[in-house]
Every structure is written in C-alpha cells, then in structure tokens.
Amino acid sequence: MTDAYLARIGKLIRDARQHRGWTQSQLAEALGTSQSAVNRIERGNQNISLDMIARIGEALDSEIVSLGYAGPMHLRVVGGRRLSGSIDVKTSKNACVALLCATLLNAGRTTLRRVARIEEVYRILEVLGSIGVRTRWINDGNDLEIVPPAELNLAAMDTEAARRTRSVIMFLGPLLHRMDHFKIPYAGGCDLGTRTVQPHMTALRHFGLEVTATDGTYHAQVDRSVAPTRAIVLTERGDTVTENALLAAARHDGATVIRNASSNYMVQDLCFFLEELGVRVEGIGTTTLTVHGVATIDRDVDYAPSEDPVEAMSLLAAAVVTESELTIRRVPVEFLEIELAVLEEMGLDHERSPEYPANNGRTRLLDLTVRPSKLRAPIDKIHPMPFPGLNIDNVPFFAAIAAAAQGQTLIHDWVYDNRAIYLTDLNRLGADVKLLDPHRVLVEGPTRWRSAEMMCPPALRPAVVVLLAMMAAEGTSVLRNVYVINRGYEDLAERLNSIGAQIEIFRDI
C-alpha cells in the first residue's frame with residue numbers, strides 16, 4: 001500500500017476508535033498488540049494487512065474500507081409514524097466546543113461531564129491532540145479529560161481537521177496569551193454564506209493581536225505592550241465573538257469590560273466555566289460583562305455544561321410535525337421562552353413540569369410534554385434576535401412547524417446569506433415554501449407530506465428540518481450524505497428510533 005492509503009486508513013481507524021470512546025491502549029488490548037503499534041497504524045507509519053483491517057473493524061464495530069474511503073452515511077426513513085414516550089436533551093454542542101477551546105487557558109487538568117459525542121467535538125479534539133494536548137474519554141465514554149502540555153506544538157496542527165470547523169477561530173483568544181507569533185487555518189463549518197471574522201479581529205486587537213490572512217491561513221502577531229484601556233464594544237453581538245473576547249480577557253491581569261456582548265446559552269456556560277478557573281465575571285446573562293482576569297491559571301477543574309436548547313427545539317419540532325405526544329426532558333427553558341410563547345400563540349398544546357437546576361447548578365431546566373395540536377400561522381413574521389430573542393438556530397425549525405400549521409407564515413432569516421434558500425428543499429417533500437429573497441421565505445400550510453430521496457442540505461439546522469419532514473411523510477424517504485447532521489447531533493437517528501421513528505443508517509461501499 002502507498003503511504004497515502006496508509007494515512008487514510010490510519011485516520012479512519014483513529015476516527016472509529018474515538019467515536020467508540022476507546023483509547024489506543026484499549027484497541028491494542030482487543031487486537032492483542034501494543035499501544036505503540038496502534039499509534040503507528042493511526043499515523044500511517046505501519047504496513048497493515050487486510051486481515052488486520054477486518055479485525056480492527058470488528059473490534060470497533062465500524063466499517064473500515066480497504067481502499068481507505070469510508071462511504072458517506074445516508075438515512076432511510078420510513079415516515080408517517082407517531083412518536084411516543086420521553087427523551088432527554090443532550091448537552092450543548094456550542095458550549096462544549098467553546099469549553100474545549102477554553103481549556104487552552106488552563107495549565108491544569110480539566111474534566112468536562114457528558115460532552116456531546118459529535119463530529120464538531122471530534123474535529124476540535126483532533127486539533128488539540130495534534131498540538132500536544134492529551135485528551136481521553138473516561139467513565140464509559142461519557143466524560144472527557146483534557147491535560148495541556150507545558151508547550152504547545154502549533155507547527156504540528158492537524159490543518160485538515162481545523163479547516164472543517166469554524167470553532168477553531170476561538171483558539172485566537174487563548175493562544176494570544178501563550179505565544180507572540182502563531183498561525184491557524186481559515187475557519188470552516190457549515191455553508192451559510194459569507195460570515196466575516198472581522199468582529200473577532202476588532203475585539204482582540206485590544207489585547208495586542210494583529211492578524212493577516214494569506215494562503216488560507218491566519219497569521220497572528222501579539223504586541224505585549226497593548227492592553228485594554230477602555231471598554232471593548234463588540235461590533236457584532238455574536239456568540240463566538242463574545243466567547244473569543246472572554247477567552248482573551250480571562251488571562252488579562254485586570255478588569256476588562258465587554259459591551260454589546262451576547263448573553264446566549266453557550267456564552268453563559270463559558271462564563272460559568274471561567275469562574276471555576278478563578279476568573280470572576282460580572283453581568284452574566286446581560287450584554288455588559290466585566291471580566292476580572294488572572295495572569296496564570298493552573299487548576300484541576302470539573303465542569304458539566306448545560307443542555308442544548310437547539311436540540312430541545314429539534315425534538316419539539318419532531319413531535320409537532322409527526323402529530324405526536326412526546327415528553328422532552330431536561331429542556332433549558334430560559335433559552336426557549338420566546339419560542340414557546342410563539343408556539344402558544346399558534347395553538348400548541350403542551351405541559352411544563354416544575355423547574356430544576358442543570359448539573360452546572362445555574363441553568364434552569366424543565367420537562368416539556370407536547371401533544372398533537374391544530375396549529376395556525378402566527379400573525380407576526382418569524383425572525384431571530386440576539387438572546388433573549390428567538391434563537392437564530394431555531395428559525396429553520398419554524399419552517400417545518402409552519403408547514404404543519406393553517407395559513408401563511410413569513411420567515412425572515414436575516415443573519416445568514418444562504419440558509420433560507422435551503423428551506424425550499426421542503427418542497428421536495430410536499431411543502432409549499434416560496435423563496436422571496438435570499439433571507440425570506442413564505443410557508444403555506446397545512447402540508448400533505450410525501451416521501452422523496454434527496455441530498456442533505458450543507459447547513460446543519462436545515463438538514464435536520466428535512467429529516468423531520470421525512471419522518472412526517474408517508475412512505476420511505478432517503479436522505480443522502482448526512483455528515484453535517486453528525487456535526488451537531490449525537491446518534492440522532494438511533495435516539496429518534498427509541499421514541500418510535502423508523503430510521504435506518506446505511507452507507508455506499
């Protein structure tokens with residue numbers, strides 16, 4: 001085999017091992033070989049027989065293709081089935097990736113509880129591992145332990161993994177405290193049109209960071225003589241922009257005021273985590289944050305991120321479009337209150353349990369039971385706003401909900417350049433979605449859903465919306481190449497099957 005094929009096979013084996021939550025030592029034990037041999041295989045530095053590939057695939061319960069290419073994952077959906085029972089909301093994807101970036105601030109050991117096992121997290125773990133950070137899944141793969149090295153090796157960064165996630169942009173805030181010169185690849189992620197990184201650069205310039213972009217790489221240089229002399233006013237109230245400013249302020253020895261800050265769920269989780277690191281943050285939940293940073297952070301910390309309100313909205317929408325009664329447990333209600341208020345006006349029949357705290361001790365949760373409802377279109381248009389408004393990532397789910405409601409609903413997704421366009425994919429499944437311009441669609445309901453075979457949209461939330469519509473459509477539908485769904489949801493098909501869906505995962509070989 002050529003070195004290129006060996007490297008591809010090694011990466012497939014590494015991904016499969018990490019997906020299972022195994023260490024290299026655990027895989028070595030299952031194969032009757034050494035950890036160093038597994039390490040060489042995963043790096044593409046050892047010849048490997050087809051028999052060994054088959055043994056590895058059997059041990060990991062994962063398909064390892066001899067040519068080095070894993071076929072894309074597809075979903076076959078038998079629709080028209082009612083959901084029932086109850087399902088727990090998983091921890092927040094966006095909080096988890098922010099916390100993983102934040103571990104670069106800490107010289108000590110970080111343990112994160114119930115980390116989302118999703119492709120976005122795996123990509124960040126690959127990047128962290130490549131620069132010398134030790135990470136391992138513990139407690140039957142539920143929790144994640146992160147131990148940084150004394151010195152990071154940025155020259156060894158896995159640029160392929162870094163380019164597949166936009167979250168790598170949040171390395172800028174922590175890294176500016178660790179080195180005077182560094183570079184990271186351009187940030188990737190969903191295809192949502194142009195998303196400028198300029199607000200990040202404007203915020204971090206207060207800490208002496210200057211960035212030039214050439215050849216697909218951000219080249220960063222830090223002037224240690226520069227420090228914030230006045231409040232930092234963010235030019236965009238964005239989540240990752242606020243997080244990057246927080247990460248930079250956390251190790252600035254003094255008080256930093258950040259205005260026009262996002263107060264969204266992942267930002268609050270990051271603030272709670274920073275407080276565990278000894279950084280005092282005032283104004284959590286507001287648009288003005290005062291960060292009392294410390295120059296050195298060396299603590300062993302244990303933190304549990306809260307549940308994901310967007311996943312909760314996904315499950316709520318699944319119940320609505322399939323006309324099901326479903327209990328969604330561990331819903332972070334303070335980040336869904338506007339959505340629930342809109343749905344109440346549309347006629348949603350639901351019941352809420354008393355509130356209780358999340359494992360972080362701060363976020364308010366409840367259990368939500370949704371029942372089949374005769375929905376009517378809302379009087380006002382559906383449009384996102386920064387928290388505490390309707391969440392930007394929840395807007396696409398209202399397209400499926402509006403398609404199930406009586407009347408016309410105008411949806412205005414003003415944040416992203418392309419995302420509204422993907423909502424017209426629902427027309428293939430029987431919906432009546434008219435594209436008015438790149439940001440607005442008009443949805444006419446109710447819909448008689450029909451099955452179809454189609455490619456997965458390249459944006460996470462519209463992709464899940466299409467999957468939910470397929471669950472509502474009588475007959476068998478096929479959704480091809482669902483990697484983008486795996487970026488943001490853990491075992492979504494299996495979990496939906498546990499409450500009555502019929503979704504089969506298959507691959508082309």
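In this report a residue is called buried when its relative accessible area is under 20%, exposed when it is over 50%, and partly exposed in between, with a 1.4 Å probe and protein chains only. The model is predicted, and local features are taken at pLDDT of at least 70, side-chain atom pairs only at pLDDT 80 or more, while totals for chains, interfaces and linings use all residues. Residues are numbered from 1 along each chain as its sequence is written, and side-chain values rest on heavy atoms, with hydrogens and water left out.

**Aromatic rings**

Rings of Phe, Tyr and Trp (for Trp the six-membered ring) are paired when their centres lie within 6.5 Å, and a pair is stacked if the planes are under 30 degrees apart, edge-to-face if over 60 and tilted otherwise.

| Pair | Centre to centre | Angle between planes | Geometry |
|---|---|---|---|
| Tyrosine 265 and phenylalanine 335 | 6.0 Å | 65° | edge-to-face |
| Phenylalanine 335 and phenylalanine 387 | 4.9 Å | 45° | tilted |

Helices (H or I, at least four residues) and strands (E, at least two) are DSSP runs numbered from the N terminus. Tyrosine 265 belongs to helix 11, whereas phenylalanine 335 is in the loop between strand 14 (326–332) and helix 13, so their pair ties together parts that are 70 residues apart in sequence. Phenylalanine 387, for its part, lies in the loop between strand 17 and helix 14, so its pair with phenylalanine 335 ties together parts that are 52 residues apart in sequence.

The charged end of arginine 76 is placed over the ring of phenylalanine 506, 4.0 Å from its centre, and arginine 117 lies over the face of tryptophan 137 at 3.8 Å from the ring centre.

**Helix 13 and its surroundings**

Helix 13, which spans residues 337–346, has Glu339, Leu340, Val342, Leu343 and Met346 as buried residues. Seen down the helix axis, these buried residues fall within an arc of 160°, so they line one face of helix 13; the arc is that of the directions from the helix axis to the C-beta atoms. An α-helix has 3.6 residues a turn, so residues three or four places apart point the same way. The cover over the buried residues of helix 13 includes helix 12 (309–321), strand 15 (349–352), strand 17 (364–371) and helix 14 (395–403), where contact means heavy atoms within 4.5 Å. Just after helix 13, glycine 347 has a positive phi of about 105°.

**Backbone features in loops**

Most residues other than glycine have a negative phi, and most peptide bonds are trans.

Asparagine 260 has a positive phi near 60°, lies in the loop between strand 10 (255–259) and helix 11 (265–276), and is partly exposed with a relative accessible area of 25%.

Strands are counted as paired if DSSP finds at least two bridges between them. Four strands make an open sheet of mixed pairing in the order 9-10-12-11, with strand 9 (232–233) and strand 11 (280–282) at the edges, each pairing on one side only. Strand 10 and strand 12 (residues 288–292) are antiparallel and paired over five bridges, and alanine 255 stands opposite histidine 292 in strand 12.

**Cysteines**

With a disulfide defined as a pair of cysteine sulfur atoms within 2.5 Å, the structure holds zero disulfides. Cysteine 96 is in no disulfide, and the nearest cysteine sulfur, that of cysteine 101, is 11 Å away. Cysteine 96 is buried at 2% relative accessibility, and cysteine 101 is buried with a relative accessible area of 0%.

Key:
Lys NZ or Arg CZ within 6 Å of the ring centre and 35° of its normal.
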